[in-house]
Structure formats: C-alpha cells, structure tokens
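Me: I am new to this structure. Please show it to me, then take my questions one at a time.

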Amino acid sequence: MITCGRFDPLIVCDPALIAKSTAVRRIVAPNPNCLQPFQFTPIATDGHHVLHAGGLEELHTFLASHVASGTPPLVVLTNREYLATLEAASLRGCRLYSFERQYPLFPQLRHAPSLQANLATLRKLLRKVGQLGIVASSFSRDQSTRHLHHVAKALKFKSGLDRFFFFSLREGHQEVYKHVEERPERAVVALDFNSMFADCLRGSFCEPRAIRHRVFDRQPAALDALDEGIYRIVLRGARPGFIQDHHPFLFRRLGRSFHFRLDVGGSLETLLHKSELLHFARFFDAVDVKEGFCSPRSIAHPLAAAAERLYARRRHARSRGDGALEQFCKSSLQLMHSATNQRHDKRTGFASPRELRDFLASNYALSLDAQVPPADLQRFLGRTAYFGVRDHADGLELRHLDIDAAGAVYCLSSGVLANARVKLLAAIERFVAFDSVEVCYANIDSVHLSIAKDRLDAFLRHFKDFIGDSLGQMRVEAIADRGYWFDVGRYWLLKDERVVQFRNRGFNNGRSQDAFVSRRWAYTHHEAEAFSHLRPFVMRLEDSFSYTKKLGPPGSGTTDFIRCSIEEIKTAAAMNATEAAEMLRSRGQKVELFAKLAGEAR
C-alpha cells in the first residue's frame, strides 16, 4: 500500500496531541479599519544617483542621510531600480521596496530612462493606491488582512483540532503531461478557469468551532452521509483507466514529491476532504474510512458572497476599461482562499539534534528515524519554506510554521483547495473522453489540450456550456499550432511561427520582450546578528529543469512525460537514483530544444 502524507509517506493522528487540541479558541485578526496607511519615501534611481523630494544626490550619500534622518522606508517604481539599489541599501540597513512588486495592479507600468518621469509616475500611482483604499505595505497584505478579518468577524471561534487540516492543505493539481506537440494535423488549446478559487468558495464547509475527532470502528453506511471534514482513508483496488496516470496524489519523502503511476488493483492511504473522497471513490473497488476530523454542522464559506460581488465588480471594470480596478478585483479574488492560512512562524530551541527530530516527528508527521542521514534532514529544512534551522548558543534553533496560530483557519483554506483539485480533475476527465483529445499540461486553474484540428469546432460546440465568461466557467486563452512544455510554469505555445502564449517562471516577467530569457541576475540575502550580506549570482535556465517525471520516447511530432513507478521512488536512495538517471538522459535534449526554439524566434 502507498501512503501519501504531507511531507513523508506517513499519516499520524497522535491521540495525545488530539486530546490537547480540543479547546475552542478565538480567531484573531487585526481590524483593517484601525490600520494607519503605510508611509513610504518615494525615490527614483539609476543605481548611482537618487532623485527625491530634496533633489538629486549620489546614491551612497543619500542612503547615509536617509538612515540618519529616520524617515519612512524607501520605495522605487520598478523591480529594475530595486535590484540596482538593493545591495547598497542592504549594506546600510535601509528598508527598500519595489512598488511594482508590492502593488502588482498596473500592467502598463514601465521603467523610463528619465529619473524625473519615474518619480512622477511613482507619486501618481501611490495616490492611486490610496484611492483604492489600500493601507498596508503591500496589496497582498492589505487584502489578506481584510479577508481574514471578515472571516474572524463571521465565525469568531475555532477548535484547536483545526491544526490537523494543515496536513490536507495541498496545492492545486499541477502536472506536465507532454513535452512536445508539433504534429501538423493537431491544434493546442489553452483553457483557464474564470476565478477558480472564488468559484470553489461555493458549497458547504466544515464549521471550525464544531470540529471533532471521530474514529470509525465500522464503515459508514453511505459516504455522502459523512459530515464535512477530512478523513484518513484507504482507497483499495484501483480500477483501470483514467485514474492510473491522472490521479493527483503525490508520493513525498522529506518534502520531495513525485507523481507516480498507480497500478491496477493498487491501494493508497491518504487524507481527503469529503468532496475529494466522493469524487475518487468511483475509481476504486472499496474505500475504508479510518478516522476523521469533521463537524456535525456545515457552513457556507464566509467569503463566498463577497467573492461573487467582487467578480461582478471585476467584469464591470473590464467593460469600462478600468485596468487598475479590474486587476485589483482579480488579485483580491486570488487572495481570498489563502487569507485563512497566512504564514505565522515560531522559533523553538533544542539542546540536541535528537530533540529536534522528535519535535518534527510528533508535530509535523515527519518520519525521522535514526536511518535518515543528518545531511538529508539539513537539506530538507533549508529547502522548504516551512522550516529553517541554525546554530544557537544553547544548541539549535528551529524556525517553523505555527500551525496552531490564532489567525489560521486551515479547514477553510484546505477545503477550497480540495474543491479546486476536484474541479480541475473532473474537467480533464471530461476533456480526454472527447474524441482525439490528449491532455498536455495542468496548473491549478488552467489546462492545455491537444486535439485533431478537424475536431476543434466540434469540441468547442460540445463544451459550450463549459466555456464562457461566468464565474467558474473556462475561457479559451489561446489556440496554437505547436506547444512545448518543460515544467510547471515553463512553456511556449506557437502559431504561425509566433509565440502566442508563454510562461517562463523565474526568468521572464509579463512585460518581457524576449520570450526566451535563459539568464538573469538574482540575489541571496544572508542576514545574521552581526552582519547582512547580499550575494549576487546568475540564474541559468538549464539548472532549473526538474526530473521527477521521465521523458518518453519521441513519437512522430510528439513526446510525452511519463510518471515513475512507485518502485523507482519508494526510498530516498531510489528517488536520488531515478532523478540522477533522468537528468543524465534528458537534460541535453531539453537544453537543445530550448536553444532551437529561441533561435527560431530570433
């Protein structure tokens, strides 16, 4: 049996921890109406000189006077100015922000060669931000605070058992199925959901205050009669067909994750929300429900009605040509589901590595027995956003996500993500059942399909109920002749030898003129009690490729990615060997294909 846990192939519901977590506590969220607008000192810079309210100064002279004066943090208009100034600002301990990064609401924002023009634009846009009612230092912080306050005001309390929903808080479904599609008789169709997460706020959710732990001595009479919540289940006897290569379950070990092929008759253990349980049960011969965290009362999501109003406001802004307001609404909708699982970190000290391992094992369901090498654990703690470890005067200090934080309501966030996974997988299942359709790519709320060109019109007619402008429907983003997918967030779609849609995560931004950027400068910030150091380095595209799926044999104009078997990834050593072998086998092919595409475009 395969176990799919949050970080490891382990699902533990410790009775002692459950007993300590039953108390009801208040959901805490700051009142955004009581917040004062965040103050910035706007400047424009070319990395050598600074233009500000007092005139033009040499960069280092200005930074020294800024630190001495104690004026508000600095803000520049663009990321380009930010990167040009970051090292100098960091050395002097100056807080520096990029307006472009903090408030991504203005898609037409451009860097100008004139410092005067950049400063004038920055001041104008800061006024616009104030007119939109944004008071925090970033748009995401402002909207997340407002959404969480709305939830806290509506619900007021939650059970401590909400912490266990963190272990079902998995990202939306993301997978690359095809590497190359350039068969002349086929078209590539890119589809996106309209505000996927806002749509997934609809329906019933677990009541946070009423969560209880339930153990099942015998199976429920009907799965659809279960209360809203999460359940530790065993799915037994996988049936042949769609589920084998399209299921969303990931095999994880110390945070590394792999899609895997599920054998016919295979079984797996995992944590699923009720909506997922009902969806996937039909692909298996039997479902064993072991235990659950659920509530006898269900509720509507507190933000569901607000999401529908905001989506209507977005459509109205689009019809008026108000790009800033439309982007405001779109981005605010995207932040609704995650407002209830914002980061809250804690720091805990340990006298020995053994104490650290025991803490991680009992609180975060990590299987850290003595056979896990210290280097593997250190690599995991340094790679994941949830943890960080450093030497301390009394031993070791662990920075870790506080899953008991008063401002987290995981049962809501994880429920929305579960609905999103079901919605996307159900759409893919419908699509591939249509004649000639093959799935190429899926990323949370988008899917790319390959279809015979002579069936394209029939496809669009068949799914006319599915494609439209309403909340939860899909829209056609692009129709291309060819497609090339390397990783999630890294693909290029071409029509008539021209790139019609692309993503190149980490290398391109939305305004890049060159669709095939393969190098960029980046910075690592090392901060300690005694010093702060910024280390620049060059990111290379070929070093970013992943190898958790294998490149299949090339066909006539098409190449697929293939999932690993569970035998190839069931241990840490097997994972390492599988990835290393795939890197040796396919890295050169990927680099060569990218170079070919980039050369053709230029």
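Reply: Helices (H or I, at least four residues) and strands (E, at least two) are DSSP runs, numbered from the N terminus. The model is predicted, so local features need pLDDT of at least 70 and side-chain atom pairs pLDDT 80 or more, while totals for chains, interfaces and linings use all residues. Residues are numbered from 1 along each chain as its sequence is written, and side-chain values use heavy atoms, without hydrogens and water.

Me: What is the volume of the second largest pocket?
Reply: A pocket is an open set of points on a 1 Å grid over the protein atoms alone, where a 1.4 Å probe fits, with protein on both sides within 12 Å along at least five of seven lines. Points join across faces, edges and corners, and the volume is the space filled by probe spheres set on them. For the second largest pocket this comes to about 1,400 Å³.

Me: Which residues that line the second largest pocket are closest to its centre?
Reply: Lining residues have an atom within 4 Å of a point. The second largest pocket has 49 of them. Closest to its centre are Glu171, Gln174, Leu250, Arg252 and Ser257.

Me: Which element gives the largest share of the lining of the second largest pocket?
Reply: Several elements each supply at least two residues of this lining. Among them are strand E10 (174-176), strand E16 (250-253) and strand E27 (482-487). Helices contribute too, including H13, H14 (410-432) and H16 (572-601). The largest share, four residues, comes from E17.

Me: How many residues of the lining of the second largest pocket are charged?
Reply: Asp, Glu, Lys and Arg count as charged; Ala, Val, Leu, Ile, Met, Phe, Trp, Tyr, Cys and Pro as nonpolar; the others, Gly among them, as polar. The lining has 20 nonpolar and 14 polar residues. The number of charged residues is 15.

Me: By how much are neighbouring strands of the five-stranded open sheet turned against each other on average?
Reply: This sheet has the order E1-E18-E15-E19-E14, with mixed pairing. Its edge strands are E1 (2-4) and E14 (212-215), and each pairs on one side only. Axes are lines fitted to C-alpha atoms, and angles run from 0 to 180 degrees between N-to-C directions. Here direction is ignored, and the average turn is 30°.

Me: Which residue in E19 is the bridge partner of Val215?
Reply: Two strands pair if DSSP finds at least two bridges between them. E14 and E19 (residues 284-295) have four, in the antiparallel sense. In E19, Val215 has the partner Glu291.

Me: What does the twist average from one strand to the next in the sheet of three strands?
Reply: This open sheet has the order E21-E23-E22 and antiparallel pairing. E21 (345-350) and E22 (387-392) are its edge strands, each pairing on one side only. From one strand to the next, the twist averages 20°.

Me: Which residue in E23 is the bridge partner of His392?
Reply: E22 pairs with E23 (residues 395-401) in the antiparallel sense. Six bridges join the two. Within E23, the partner of His392 is Gly395.

Me: Which residue in E27 stands opposite Val180?
Reply: E11 is antiparallel to E33 (residues 558-562), over three bridges. There Lys178 has Asp560 in E33 as its bridge partner. E11 also runs antiparallel to E27, joined by two bridges. In E27, the residue opposite Val180 is Tyr484.

Me: How many residues apart are Glu438 and Arg183?
Reply: A salt bridge is a side-chain nitrogen of Lys or Arg within 4 Å of a carboxyl oxygen of Asp or Glu. The whole structure has 51. One of them joins the side chains of Glu438 and Arg183, at 3.0 Å from N to O. Glu438 is in E24 (residues 438-443) and Arg183 in the loop between E11 (178-181) and E12 (186-193), and the separation of these distant parts of the chain is 255 residues.
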